[in-house]
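Me: I have a structure to go through with you, and I would like to ask about it piece by piece. Could you take the questions as they come?
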Amino acid sequence: VDEADIVKTDGNYLYLLQGTELAIVNAWPAETMSVGSTQAIEGHPLEMFLTDEHVVVFSTVWQDGGRGVPEWDYGYYGEPLTKVTIFSASGGTASVVDELYFEGSYTSARRIGSQVRLAMNSWYSPTFLGYGLDTWSESRSDMIDAYEELRDKSHARIEAATLPDFVPSRFARQGSELVEVATSCGDFYVP
């Protein structure tokens, strides 16, 4: 079982996350140590895996808005997305192979063979539920009526909801656009 980290090595090169970049350092032989190349990482890099052929980098990017294709905002507000960038790595250079985005915050990851499992956290609650009361009153009976109306509206919205209303979205980059990728219950585990 491999754990993600900020520094990995294959014996010849060091792969490290520094600031907002993936740096590949020619580490062997030691007397010729130098930075081979760097790759910009979108968002805030967190951890990575190194395989024989790939570097998999996890970063946090922020979206402002609803569950559609995100509008990017690099401030620390909005809804977090975990970005998974897969690089092909050989000879001290890296090039992007794939970019995936998942709703939620990265917690941790483990790799066994070619399988990577992400542990993520999400504060997402379906936007269709809404919060609070539409009215406020000093009268106890008016407030009870308002709460009952809110409860009835929430129950109706829950009953009308479909699976996509609850399953986190994921996106893949296709050219310059992000396209939502279909998901199924089997893609997620919620304790």
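Me: Which residue forms a salt bridge with glutamate 149?
Reply: The model is a predicted one. In it, glutamate 149 pairs with lysine 153, and the closest N and O atoms are 3.4 Å apart.

Me: Where do glutamate 149 and lysine 153 sit in helix 1?
Reply: Helix 1 covers residues 140-160, and the two residues are four apart in it, so about one helical turn separates them.

Me: Is glutamate 149 buried or exposed, or something in between?
Reply: Glutamate 149 counts as partly exposed, at 45% relative accessibility. Lysine 153 is also partly exposed, with a relative accessible area of 31%.

Me: What about arginine 151 and aspartate 152?
Reply: Their side chains meet in a salt bridge, at 3.9 Å from N to O. Arginine 151 is partly exposed at 44%, and aspartate 152 is partly exposed at 46%.

Me: How many salt bridges does the structure hold?
Reply: There are nine. One of them brings together the side chains of aspartate 2 and arginine 111, at 3.4 Å from N to O. That pair links distant parts of the chain, since aspartate 2 lies in strand 1 (residues 2-3) and arginine 111 in strand 10 (residues 105-112), 109 residues apart.

Me: Is aspartate 2 buried or exposed?
Reply: Aspartate 2 is buried, with a relative accessible area of 17%. Arginine 111 counts as buried as well, at 18%. The cut-off for buried is under 20% relative accessible area, so both values fall below it.

Me: Changing topic to the strands: how do strand 8 and strand 9 pair?
Reply: Strand 8 (residues 79-90) and strand 9 (residues 93-103) are antiparallel, with ten bridges between them. Within this pairing, valine 84 has leucine 100 in strand 9 as its bridge partner. Two residues lie between the strands in the hairpin, where glycine 91 adopts a positive phi near 60 degrees.

Me: And what does strand 9 do with strand 12?
Reply: Strand 9 pairs with strand 12 (residues 170-174) in the antiparallel sense over three bridges. Tyrosine 101 stands opposite phenylalanine 171 of strand 12.

Me: Which members of the largest nonpolar core touch the most other members?
Reply: They are Tyr15, Leu22, Met48, Val55, Val57 and Phe87, out of 13 residues in that core. Two or more residues each come from strand 3 (13-18), strand 4 (21-26), strand 6 (44-50), strand 7 (54-63) and strand 8. Strand 3 gives the largest share, three residues.

Me: What is valine 57 in contact with, leaving aside its neighbours within four places in sequence?
Reply: Valine 57 is in contact with Leu17, Leu22, Ile41, Glu47, Met48, Lys83, Val84, Thr85 and Phe87.

Me: Which residues does the second core include?
Reply: That separate core has eight residues, among them Ala4, Phe49, Phe58 and Phe102. Phenylalanine 49 and phenylalanine 58 are both buried.

Me: Lastly, how many aromatic pairs are there?
Reply: The count comes to three. One of the pairs is formed by phenylalanine 49 and phenylalanine 58, edge-to-face, at 5.8 Å centre to centre with 85 degrees between the planes. Together with Tyr106, Phe49 and Phe58 form one aromatic cluster.

Note on methods:
Residues are numbered from 1 along each chain as its sequence is written. This is a predicted model: local features need pLDDT of at least 70, side-chain atom pairs count only at pLDDT 80 or more; totals for chains, interfaces and linings use all residues. Side-chain values use heavy atoms; hydrogens and water are left out. Two strands pair if DSSP finds at least two bridges between them. A salt bridge is a side-chain nitrogen of Lys or Arg within 4 Å of a carboxyl oxygen of Asp or Glu. Buried means under 20% relative accessible area, exposed over 50%, partly exposed in between (1.4 Å probe, protein chains only). A nonpolar core is a set of buried Ala, Val, Leu, Ile, Met, Phe, Trp, Tyr and Cys residues joined through side-chain atoms within 4.5 Å. Contact means heavy atoms within 4.5 Å. Rings of Phe, Tyr and Trp (its six-membered ring) pair if their centres lie within 6.5 Å; planes under 30 degrees apart count as stacked, over 60 as edge-to-face and the rest as tilted.
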